[in-house]
Amino acid sequence: MKYQAIITMPEIEVEIDDVVVSIAKGSGREIFYVHSSGSDAEQWKYQLETVGGYAIDLPNHGKSDKAEINSVDDYAYYVSEAIKQICGKAVIAGHSLGGAVAQKVYLNYPETCMGLVLVGTGARLRVLPEILENLKTKPEKAVELILDMAFYRKENEYRKIREKYLRNSDVLYLDLSVCDKFDLLNEYRESRIKIDVPVLLVFGREDRLTPLKYGEFFRNHIPSSHLVVIDEASHMVMLEKPEEFNSALDSFLGKILSD
Ligand code: COA
């Protein structure tokens, strides 16, 4: 199958404490995608098209309203409420910041989570100080630095994401500051976190923003996890290698969902 055109997906809106949250809908499959810093639901277009499910625009992103966000837990609250309103519970797939959010949804609202797909993310997500500093004063420089580390090849998607990041550099800064504070490393190391739902880990072999060792850490600390490493892909693995990505996701979902 060739991936090219963007199919415009239907959108649903849910209201959470007076904040309108927009959700792109592929099919009614119970998988809920959470995007990364400075991005939006469009990041999951190839998965919505083929695998199905729902992709949220987090507050302050895409077509969703603005909201006060100070931590990954704040985003997790909105995601859990959206899941409750739409399908009650779901497999939660999160990329980078979205992967941190997915972990927090599982930990804070386990009743909404049937499984996790952690993509290019980590138990801790420290951010290079150079990126954070430049985002405030020289956003172009910061965005180049991020994208150099995020893509294996600078193709079409690269240009689109570059424009999006530059347009949303304030939100990107907020998101990366929130990532920088996210840290569950010792809780995993000391077995204070026990994940007992199925977990799929997907990492691009060439990822320099969240290196493969972050995925290996999860594999070593989550007995119910399975790690898939995709070659010739970096951080944006779901956009860079959609066929391989979707194939891994589909076979994982086939074991969990009854459809
Ligand atoms: N999973 C497993 N191990 C992790 C981890 C994670 N999510 N995050 C950090 N660690 C490990 C490191 O591998 C390192 O182990 P080592 O001492 O065996 O090499 C140790 O914990 C120290 O962590 P580190 O993050 O390297 O802290 P630091 O303060 O030394 O470095 C950065 C901070 C920002 C330089 C570094 O985290 C980095 O290069 N990050 C990637 C670039 C980036 O900005 N990514 C954005 C992600 S949203």
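Ser258 is exposed, with 5 other C-beta atoms within 10 Å; a residue counts as exposed if 12 or fewer other C-beta atoms, placed from the backbone, lie within 10 Å of its own, as buried if there are 20 or more, and as partly exposed in between. The structure is a predicted model, in which local features need pLDDT of at least 70, side-chain atom pairs count only at pLDDT 80 or more, and totals for chains, interfaces and linings use all residues. Residues are numbered from 1 along each chain as its sequence is written. Ser258 belongs to the segment that follows helix 11 (242-256); helices (H or I, at least four residues) are DSSP runs numbered from the N terminus. A distance of 9.6 Å separates the C-alpha atoms of Ser258 and Arg29, which are 229 residues apart along the chain.

In helix 5 (residues 139-150), the buried residues are Ala142, Val143, Ile146 and Ala150. These buried residues line one face of helix 5, because they fall within an arc of 95° when seen down its axis, the arc being that of the directions from the helix axis to the C-beta atoms. An α-helix has 3.6 residues a turn, so residues three or four places apart point the same way.

Around the ligand there are 16 residues, of which Gly122, Arg126, Leu128, Tyr214 and Phe217 come nearest; a residue is near a molecule if its C-beta atom, placed from the backbone, lies within 6 Å of it. Helix 9 (residues 212-221) gives the most to this shell, with 3 residues.

Methods. Helix = DSSP H or I, 4+ residues; strand = E, 2+ residues; numbered from the N terminus.
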